[in-house]
Amino acid sequence: MATSRLLRTSAAALAATALLISGCSSGSSSPRGEASSDRTTEAGAQRPVADATLEPLPAAVPAALRPYYDQKLSWHPCGVAGFECATMKAPLAYAHPSAATDLKLAVARKKATGPGSRLGSLLLNPGGPGGSAIEYLQQYAPQGAAVRARYDLVAMDPRGVARSEPVECLSNKQMDRYTQTDQTPDDPAEVNKLITAYRDFAKGCEARSGKVLPHVSTIEAARDMDVLRAVLGDKKLTYMGASYGTFLGATYAGLFPTRTGRLVLDGAMNPDLDSRTVNLDQTVGFNTAFTAFAADCVKQKDCPLGHKNAADAGRRLSALFKKLDAHPVETGEERKLTESLATTGVIAAMYDQRAWPMLREYLAQAEGGNGRGLLTLSDSYYERDPNGSYANQMYANPAVNCLDLAPAFTSPEQVRAALPSFRKASPVFGENFAWAALNCAYWPVKPTGTPHRIPAKGAAPIVVVGTTRDPATPYTWAKALSSQLANATLLTYEGDGHTAYGRGSNCIDTAVNTYLLDGTTPPKNKHCK
């Protein structure tokens with residue numbers, strides 16, 4: 001399997017680590033509530049949490065939005081055999097709908113194949129935020145034959161993503177330079193270079209996509225999903241979301257509980273976390289994933305990180321990163337393998353344990369002065385094509401995240417103060433993750449969202465899936481989301497990698513497919529290995 005295919009089958013959620021922060025913007029349905037007492041984070045620290053809740057929108061569709069709900073889609077063949085595409089209109093601002101500023105959102109579907117009666121539409125989202133749902137549907141969607149037989153599989157690229165009014169920020173050459181920026185600055189000059197990179201990135205987004213930037217929040221994307229549900233002729237939404245797609249799906253359930261059908265939320269986000277906690281929890285998550293990789297690696301004859309234990313392997317990897325920081329190595333092309341690119345390459349391989357043998361090989365090559373392999377992993381993570389062009393995901397990702405939640409840090413001084421906790425969370429990745437979390441401080445649009453809980457009272461039963469050693473969406477998040485939702489069942493996969501469905505566990509796949517086909521939720525506390 002090709003490198004990019006291998007990594008992106010894990011729900012196509014390979015966003016830059018700092019950009020994986022998620023949250024929920026308030027939009028016209030502001031979370032309400034007061035601050036509560038401290039709670040324990042994934043990293044073991046205490047944090048204040050707002051017990052605000054996402055309130056449902058009125059059940060009746062406002063008259064000003066009725067033209068959107070009543071629109072007819074014009075379907076036509078598109079690209080991949082068996083699929084058809086259409087364009088759906090949505091208001092740029094739901095509070096002030098106007099045909100003059102409508103967004104055009106791309107939709108694709110593959111009709112139910114039969115046999116068996118059609119159950120309706122199954123909307124898919126692979127996460128990110130910024131992952132193309134249409135690309136995921138056409139190339140990677142793992143739904144089983146029985147599900148494909150009875151559902152129309154549908155995907156819509158969310159606003160700001162891929163084919164739907166995509167956010168753009170930098171030229172390809174500028175993005176190359178951005179991805180090589182040192183995210184573990186050693187002195188004030190390097191700190192200034194990192195801040196300049198973040199500022200230039202934000203300015204580029206504002207210059208190229210200023211119209212859409214204030215309107216790519218998760219709540220607005222969830223409202224688009226309700227328009228699509230109506231346009232498709234479904235009374236209730238049936239949905240499967242992975243990674244950030246779980247937050248999008250949970251937000252839909254919170255806004256439209258009476259129109260929520262069967263929802264599968266795989267690799268769950270926790271919406272009541274602030275962005276600093278999200279970043280710290282993910283640092284712990286990637287450290288857990290690396291520890292699992294390292295423990296396996298030291299048992300293999302070809303392990304380039306020694307054969308002692310996971311802690312020693314981590315020290316050896318950190319030494320390699322420092323070596324690359326001082327002396328980047330050749331890759332066979334104009335770009336050299338820098339510390340930042342190498343770190344991204346290793347992070348990419350943490351999403352799927354099937355990439356571990358490849359990572360061992362590429363680490364050995366880098367030790368020997370050949371950085372091509374780790375650069376390939378990094379390029380897959382950033383969705384950089386061999387011709388040097390970047391997909392839109394790395395631009396849409398911060399556009400959504402920086403709107404949904406306030407910045408994790410607002411100054412280098414705050415990052416420096418937090419470095420001990422991040423290094424404790426991950427001796428290998430902590431410093432990188434802490435500095436990367438500074439990116440939203442320079443965003444041109446003010447955040448509109450705050451941490452809050454999503455009870456979704458009145459929604460049909462929802463299945464939340466969590467993986468115990470998931471690097472990007474720690475298992476504690478799945479437990480937290482399932483406890484917030486008023487009618488949710490937690491399905492646990494005891495294993496490695498990001499998300500669980502369609503990744504080789506017959507136990508998980510059977511439980512999810514059964515729920516989608518007849519509505520039967522898994523038994524309480526069901527665990528799969």
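This is a predicted model: local features need pLDDT of at least 70, side-chain atom pairs count only at pLDDT 80 or more; totals for chains, interfaces and linings use all residues.
Setting aside neighbours within four places in sequence, Thr-343 is in contact with Phe-321, Phe-429 and Asn-432. Thr-343 belongs to helix 11, and at 3% relative accessibility it counts as buried.

**Helix 11 and its partner**

- Helix 11 packs against helix 13 (residues 372-382), with the two axes 7 Å apart and at an angle of about 70°.
- How are helix 11 and helix 13 oriented to each other? They are roughly perpendicular, because an angle from 65 to 115 degrees counts that way.
- On the helix 11 side, the contact is made by Leu-341, Ala-342, Thr-344, Gly-345, Val-346, Ile-347, Ala-348 and Ala-349.
- Helix 13 contributes Leu-374, Leu-375, Leu-377, Ser-378, Tyr-381 and Tyr-382 to this contact.

**Aromatic rings that meet**

- How many aromatic pairs does the structure hold? There are 15 aromatic pairs.
- One of them joins Phe-201 and Tyr-395: the ring centres are 5.9 Å apart and the planes stand at 45°, so this pair is tilted.
- Phe-201 sits in helix 6 (residues 188-209) and Tyr-395 in helix 14 (residues 393-404), so their pairing ties together parts that are 194 residues apart in sequence.
- Are Phe-201 and Tyr-395 buried or exposed? Both Phe-201 and Tyr-395 are buried.
- Now look at Phe-286 and Tyr-351, whose ring centres lie 5.8 Å apart with planes at 65°. This pair is edge-to-face, because the angle is over 60 degrees.
- Phe-286 is part of helix 9 (residues 275-297), while Tyr-351 is in the loop between helix 11 (339-349) and helix 12 (356-367), so the pair links parts that are 65 residues apart in sequence.
- Phe-286 is buried, with a relative accessible area of 0%, and Tyr-351 is buried with a relative accessible area of 0% as well.
- Which residues form one aromatic cluster? The members are Phe-286, Phe-290, Phe-293, Tyr-351, Trp-356, Tyr-381, Tyr-382, Phe-429 and Phe-433.
- Some of these names come up elsewhere: Tyr-381 and Tyr-382 take part in the contact between helix 11 and helix 13, and Phe-429 touches Thr-343.

**Charges over rings**

- The charged end of Arg-109 sits over the ring of Trp-75, at 4.0 Å from the ring's centre.
- Lys-110 lies over the face of Phe-83, 5.2 Å from the ring centre.

- An open sheet is built from 10 strands in the order 3-4-5-7-6-8-9-10-11-12, and the pairing is mixed.
- Which are the edge strands? They are strand 3 (76-77) and strand 12 (527-528), each of which pairs on one side only.
- Strand 8 (residues 237-242) and strand 9 (residues 260-266) run parallel and are joined by five bridges. To find one of these links, trace Leu-237 to its bridge partner Thr-260 in strand 9.
- Helix 18 (residues 506-518) packs on the sheet and touches several strands, among them strand 6 (120-125), strand 7 (151-156), strand 8 and strand 9. The direction of helix 18 makes about 170° with that of strand 9.
- Strand 9 is mostly covered, with six of its seven residues buried.
- Further along the sheet, strand 10 and strand 11 pair in the parallel sense over seven bridges. Here Val-464 stands opposite Leu-490 in strand 11.
- Strand 11 is mostly covered too, since seven of its nine residues are buried.

**An arginine in helix 10**

- Arg-316 is found in helix 10 (residues 310-326).
- Arg-316 is partly exposed, with a relative accessible area of 40%: that value falls between the 20% limit for buried and the 50% limit for exposed.
- Not counting residues up to four places away in sequence, Arg-316 touches Leu-305 and Gly-306.
- Where is Arg-316 relative to Ala-81? The two are 48 Å apart in space, C-alpha to C-alpha, and 235 residues apart in sequence.

Technical notes: Residues are numbered from 1 along each chain as its sequence is written. Side-chain values use heavy atoms; hydrogens and water are left out. Rings of Phe, Tyr and Trp (its six-membered ring) pair if their centres lie within 6.5 Å; planes under 30 degrees apart count as stacked, over 60 as edge-to-face and the rest as tilted. Helices (H or I, at least four residues) and strands (E, at least two) are DSSP runs, numbered from the N terminus. Buried means under 20% relative accessible area, exposed over 50%, partly exposed in between (1.4 Å probe, protein chains only). A charge sits over a ring if NZ of Lys or CZ of Arg is within 6 Å of the ring centre and within 35 degrees of the ring normal. Two strands pair if DSSP finds at least two bridges between them. Contact means heavy atoms within 4.5 Å. Axes are lines fitted to C-alpha atoms, for helices over the stretch in contact, and angles run from 0 to 180 degrees between N-to-C directions. Angles under 35 degrees count as roughly parallel, over 145 as roughly antiparallel, 65 to 115 as roughly perpendicular and the rest as oblique.
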